[in-house]
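Here is a friendly note for anyone opening this entry for the first time. Please keep the viewer at hand while you read the points below.

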Amino acid sequence: MYPQDKLSQWYQGQGHWADVPEADWKNWKWQLKNRISRVEQVEQYLKLSPEERQGCYFSGSKLALSVTPYFFNLIDPNDPDDPIRRQVIPRSEEMETAPEELLDPVGEEGSMAEKGIVHRYPDRVLFLVTDRCASYCRYCTRSRLVSNAQDYNFHPEFESGLKYIESHPEIRDVLLSGGDPLLLSERKLDYLLGRLRAIPHVEFIRIGSRIPVFLPQRITPELCEILKKHGPIWMSIHVNHPNECTEELRAATERLSFAGVPLGNQSVLLKGVNDDLQTMKQLVHRLLMMRVRPYYLYQCDLITGSAHLRTDVRKGIEIIRGLRGHTTGYAVPQYVIDAPGGGGKVPINPEYIQELNDDEVVIRNFEGKIYRYPLVNGVPMAISASGDEPGGAFCG
Ligand SMILES: *Cc1c(COP(=O)(O)O)cnc(C)c1O
């Protein structure tokens with residue numbers, strides 16, 4: 001039994017859509033068809049600020065405005081700073097570009113080995129299989145190609161991507177993303193997963209998806225059957241705030257878990273959404289209760305028009321410091337910066353090593369107390385300055 005008192009207190013079921021038959025509400029196709037995507041629709045339910053209204057008007061040339069009724073309902077209409085609202089309702093600031101911002105902030109185009117295949121790490125690839133999502137996150141790192149609002153003209157192609165993976169035996173890990181792969185039809189997903197499973201060197205398949213959060217109705221028994229059939233399929237979902245942890249999400253993650261899908265979560269650190277310790281702690285606790293292991297906490301990429309949503313890196317470090325040791329180890333995500341320009345994900349950690357000298361390592365625990373540990377059997381260990389990692393004596 002899920003502790004009901006831990007769920008969003010104010011969430012009111014169908015909310016604005018109370019008149020809609022329950023069967024429609026629970027139908028993912030109804031949810032998609034009835035997405036909020038025009039400013040007039042938004043204004044039916046929310047009193048917009050001038051910045052938001054302008055953002056809605058301009059969004060079509062940057063990243064489409066689109067929110068499922070289910071997710072829209074999680075916005076508290078009486079709170080202009082609501083954390084769900086900040087994630088999906090456009091603002092005029094999105095049209096501004098700060099000097100440090102980029103259209104392709106993590107340099108994916110430079111690692112595009114084949115159409116839709118980003119091959120940055122030696123043993124794994126990112127396979128972009130669609131340009132559509134159920135709702136659009138205003139800080140989307142891939143806004144250049146997602147929703148087709150810009151001139152990118154992305155046409156996902158399965159065959160060339162599959163051929164690339166088939167002909168590169170070093171690829172043991174394939175990450176399906178997009179857009180949201182769970183928007184594909186069951187037939188296409190079945191085909192894609194079947195083809196990937198048939199490649200002998202592909203050991204690990206995972207899907208990056210925000211569908212369980214935006215559209216939990218999509219996690220149907222039929223979809224789960226396909227994931228189970230090709231399993232183990234791992235999944236990274238994307239929850240940023242405890243208010244997203246509804247009964248619907250809980251039930252969707254349960255269906256996925258029961259189909260044998262191990263679940264991780266990737267949050268993005270966002271100003272005014274989750275950039276505070278108490279919010280983040282509540283989020284990671286709720287995730288564990290839903291069988292979801294917090295995986296990464298991303299520093300927000302330098303995507304154009306995201307300055308109003310980005311937070312100081314020191315804030316992220318402070319949050320991790322406040323979690324590590326203070327709560328369940330499983331609840332602590334790895335904070336990372338996806339290095340601008342294509343360096344990949346770099347872990348950012350609070351400093352727990354106070355000193356590392358020829359004899360010992362001086363360490364600081366979660367309470368700030370200092371401890372000492374000798375280096376390997378009293379033998380001083382040379383730490384090379386060439387970037388090699390120190391040996392195993394104090395790792396892990
Ligand atoms: C994030 C990412 C991966 C997966 O990285 P993990 O650390 O294994 O989760 C793979 N390829 C690209 C291009 C990525 O951005």
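Where does proline 232 lie? Proline 232 is in the loop between helix 10 (221-229) and strand 6. Helices (H or I, at least four residues) and strands (E, at least two) are DSSP runs, numbered from the N terminus.

A word on the basis: this is a predicted model, in which local features need pLDDT of at least 70 and side-chain atom pairs count only at pLDDT 80 or more, while totals for chains, interfaces and linings use all residues. Residues are numbered from 1 along each chain as its sequence is written, and side-chain values use heavy atoms, with hydrogens and water left out.

1. **Cis peptide bonds.** Proline 232 is joined to glycine 231 by a cis peptide bond, with omega about 0°. Another cis peptide bond links glycine 178 and glycine 179, and there omega is about 20°. Glycine 179 sits in the loop between strand 4 and helix 8 (186-197).

2. **Positive phi values.** Serine 147 has a phi near 75°, a positive value in a residue other than glycine. You will find serine 147 in the loop between strand 3 and helix 7 (158-166). With a relative accessibility of 10%, serine 147 counts as buried (buried means under 20% relative accessible area, exposed over 50%, partly exposed in between, using a 1.4 Å probe and protein chains only). Arginine 291, also not a glycine, has a positive phi near 65°. Its place is the loop between helix 12 and strand 8, and arginine 291 is partly exposed at 44% relative accessible area.

3. **Strand 8 and its neighbours.** Why is strand 8 (residues 292-299) described as largely enclosed by the rest of the structure? Because six of its eight residues are buried. Strand 8 pairs with strand 7 (residues 263-269) in the parallel sense over seven bridges (two strands pair if DSSP finds at least two bridges between them). One of the residues to look at is asparagine 265, whose bridge partner in strand 8 is proline 294. Strand 8 also runs parallel to strand 9 (residues 334-339), joined by three bridges; here tyrosine 296 has glutamine 334 as its bridge partner in strand 9.

4. **Crossovers.** From strand 8 the chain passes through helix 13 (residues 313-323) to strand 9 in a right-handed β-α-β crossover. Strand 7, helix 12 (residues 277-289) and strand 8 also form a right-handed β-α-β unit. Right-handed here means that, with the strands pointing away from the viewer, the path from the first strand over the helix to the second runs clockwise.

5. **The largest pocket.** Its volume is about 1,000 Å³. Of its 43 lining residues, Thr141, Arg142, Ser177, Gln266 and Tyr298 are the closest to the centre. A pocket is an open set of points on a 1 Å grid over the protein atoms alone, where a 1.4 Å probe fits, with protein on both sides within 12 Å along at least five of seven lines; lining residues have an atom within 4 Å of a point. Strand 8 gives the largest share of this lining, four residues.

6. **The second largest pocket.** This one has a volume of about 580 Å³. Its lining has 17 residues, with Arg324, Gln334, Asn349, Pro350 and Tyr352 nearest the centre. Strand 8 again provides the largest share of the lining, three residues. Volumes are the space filled by probe spheres set on the points, with grid points joined across faces, edges and corners.
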